[in-house]
Amino acid sequence: MPLTSLIRRPAAGAAVLGALLALTGCSSIKTGALSSPETLFGLLKPYRQEVVQGNVVTQEVMAQIQPGLGRNQVRDILGTPLLTDVFHVDRWDYVFTIARQGVAPQQRRVSIFFKNDVVERFEADTLPSEREFVASITREQKLKKVDPDLTAEQIAALPVPPKVDAQVKVPQGAARDYPPLEAGRP
């Protein structure tokens with residue numbers, strides 16, 4: 001649009017000016033809470049569902065895998081592999097991923113290579129011990145100590161509950177008198 005047509009039509013000029021101001025405003029916002037794709041103006045954070053995929057393989061479990069084990073033995077120890085490739089039948093891949101809100105995502109890969117249906121070798125990322133793995137997925141819960149509404153004097157003034165007889169009573173069924181089933185037979 002030529003400049004003269006913008007002067008003749010003030011509504012079009014205002015629209016173009018507004019669009020230019022909006023575009024320059026977007027580029028001036030620094031990367032931070034306001035421009036984060038995970039928040040809405042830094043105020044609302046959407047819920048992200050936890051995603052856990054694959055087989056958990058720890059150091060203790062991987063220590064059981066030795067060259068010479070058969071496919072069924074490996075499957076018994078590690079479980080069914082997440083990836084089995086038709087073009088690489090002598091390779092099983094165990095991949096574990098976990099994505100949780102507020103925690104860095106984790107991914108580990110273990111590859112088992114077979115030759116004549118027995119384990120020839122294996123490759124693995126750095127694997128955690130079972131304790132390290134549990135610690136990495138456990139959320140620390142902060143329990144808030146609740147102050148009682150009563151003062152110490154009011155608590156001391158409360159009545160003591162009566163003692164219950166320590167004898168355990170066996171529940172009794174309803175007392176019913178039924179005729180014998182055999183009574184009507186000759």
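Start by selecting Leu150, which sits in the loop between helix H5 (130–137) and helix H6 (152–156); helices (H or I, at least four residues) and strands (E, at least two) are DSSP runs, numbered from the N terminus. This is a predicted model, where local features need pLDDT of at least 70 and side-chain atom pairs count only at pLDDT 80 or more, while totals for chains, interfaces and linings use all residues. Residues are numbered from 1 along each chain as its sequence is written, and side-chain values use heavy atoms, with hydrogens and water left out.

Now jump to Asp93, in strand E3 (residues 91–100). At 10% relative accessible area, Asp93 is buried. Show its side chain together with that of Arg91: a polar contact of 3.1 Å joins the two (a pair of N or O atoms within 3.5 Å; within protein, one must be able to donate a hydrogen and the other to accept it, and residues adjacent in sequence count only if both atoms are side-chain atoms).

What else does Asp93 touch, not counting residues up to four places away in sequence? Select Pro81, Leu82, Leu83, Arg109, Val110 and Ser111; contact here means heavy atoms within 4.5 Å. Ser111 belongs to E4 and stands opposite Asp93.

Next, colour E3 and strand E4 (residues 103–115): they pair in the antiparallel sense over 9 bridges, and two strands pair if DSSP finds at least two bridges between them. They make a hairpin with 2 residues between them, and Gly102 in the turn has a positive phi of about 85°.

Carry on to strand E5 (residues 118–124), which runs antiparallel to E4 with 6 bridges joining them.

Last stop: the hairpin of E4 and E5, with 2 residues between the strands. Click Asn116 in the loop between E4 and E5; its phi is near 55°, a positive value in a residue other than glycine. Asn116 is exposed, with a relative accessible area of 70%. Then pick Asp117, placed in the loop between E4 and E5, where phi is positive at about 65° although the residue is not a glycine. Asp117 is partly exposed, at 47% relative accessible area. Why flag these angles? Most residues other than glycine have a negative phi.

Technical notes:
Buried means under 20% relative accessible area, exposed over 50%, partly exposed in between (1.4 Å probe, protein chains only).
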